[in-house]
Amino acid sequence: MREAYKTNNTLQMVDAIKRNDAITLKRIYNNNYPKIEILVLKNNGTKAYAKDIYQEAFLAVWQNVKQDKFIPQSEASINGYLYTIAKNKWMDVLRSQGYKKTIVASQMSYFEIKDEENNGIDDDILKDKRLEDVMHAFKNLGDACKSLLRKFYFEKKSMKNIAKELQLDAASTRNKKYRCMQKLRQIALNNN
């Protein structure tokens, strides 16, 4: 009797995920995020990285369940699957050249700023140089990414409104924004 109840609940949960049931997706999302944040923070990450990694992992789980690539046996198996995907994605980030360059660049800029504390003018020049690098990288992004990032960062539109304009769902729009930011970082790092 208890096993039948469990199976029925699992089937309902899978069905809810496939129907994009907001309550079920939100419950899974909120219940698992703290574990992923701890994982990333304990392994040289930041909250921003944790959010990005979790976003990607959550989308991967959602897509895999919708496409029957992963058939969960319980909510615990979804939680474990989500954790494993997030962990693997974080390991990929740690191994990536872009992350290593970011760490080196941030450590270098830390020393540069410290050396220039006696001279405020040089600090302003450094900030101007960084801004110039980012703007140069922005110009080299594709039109779709430029448009999305401009709407979000400069026009301060919500992801919901941007998703509506792009005729995408909110999750796909967030994922696209993440990928555009990754491209922007990569271009900026390659130019230095």
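**Stop 1: the largest nonpolar core**

Start by selecting Ile-17, Ile-78 and Leu-82, the residues with the most contacts inside the largest nonpolar core, which has 27 residues. A nonpolar core here is a set of buried Ala, Val, Leu, Ile, Met, Phe, Trp, Tyr and Cys residues joined through side-chain atoms within 4.5 Å. Buried means under 20% relative accessible area, exposed over 50%, and partly exposed in between (1.4 Å probe, protein chains only). You are looking at a predicted model, in which local features need pLDDT of at least 70 and side-chain atom pairs count only at pLDDT 80 or more, while totals for chains, interfaces and linings use all residues. Residues are numbered from 1 along each chain as its sequence is written, and side-chain values use heavy atoms, with hydrogens and water left out.

Now colour helix H1 (2-18), helix H2 (22-42), helix H3 (47-66) and helix H4 (75-95), the elements that give two or more residues to this core. H3 gives the most, with eleven residues. Helices (H or I, at least four residues) and strands (E, at least two) are DSSP runs, numbered from the N terminus.

Zoom in on Ile-78 next. Leaving aside neighbours within four places in sequence, Ile-78 is in contact (heavy atoms within 4.5 Å) with Met-13, Ile-17, Ile-28, Val-61, Phe-70 and Pro-72. Apart from this core lies another, of 13 residues; Leu-149, Met-159, Ile-162 and Ile-187 are among them. In soluble globular proteins, nonpolar side chains tend to be buried together.

**Stop 2: the cavity**

Which residues line the largest cavity? Select Ile-17, Leu-25, Ile-28, Phe-58, Val-61, Trp-62, Val-65 and Ile-78 to see the lining. A cavity is a set of points on a 1 Å grid over the protein atoms alone where a 1.4 Å probe fits but cannot get out, and lining residues have an atom within 4 Å of a point. H2 and H3 are the elements that give two or more residues to the lining, and the largest share, four residues, comes from H3. The space inside is about 60 Å³, where a volume is the space filled by probe spheres set on the points, and grid points are joined across faces, edges and corners. A search of the whole structure finds one cavity of 30 Å³ or more.

**Stop 3**

Move along helix H2 to Asn-32. Is Asn-32 buried or exposed? Asn-32 counts as buried because its relative accessibility is 3%. A polar atom of its side chain lies 2.7 Å from the backbone oxygen of Ile-28. Not counting residues up to four places away in sequence, Asn-32 touches Tyr-54, Asn-79 and Leu-82.

Then pick Thr-84 in helix H4, which counts as partly exposed at 40% relative accessibility.

**Stop 4: the whole chain, coloured by confidence**

Zoom out: the protein chain has nine helices and zero strands. Buried residues make up 35% of its 192 residues.

Now colour by pLDDT, the predictor's confidence in each residue, from 0 to 100. The chain's mean pLDDT is 79, and 78% of its residues reach 70 or more. Among the elements, H2 has the highest mean (91) and helix H5 (residues 97-115) the lowest (49). Finish with residues 103-119, where the pLDDT is below 50 and the stretch has eight contacts beyond near neighbours in sequence.

Technical notes:
Polar contact = N/O pair within 3.5 Å; in protein donor to acceptor, adjacent residues only side chain to side chain. 1 Å grid on protein atoms, 1.4 Å probe; cavity = no way out; pocket = protein on both sides within 12 Å on 5 of 7 lines; lining within 4 Å.
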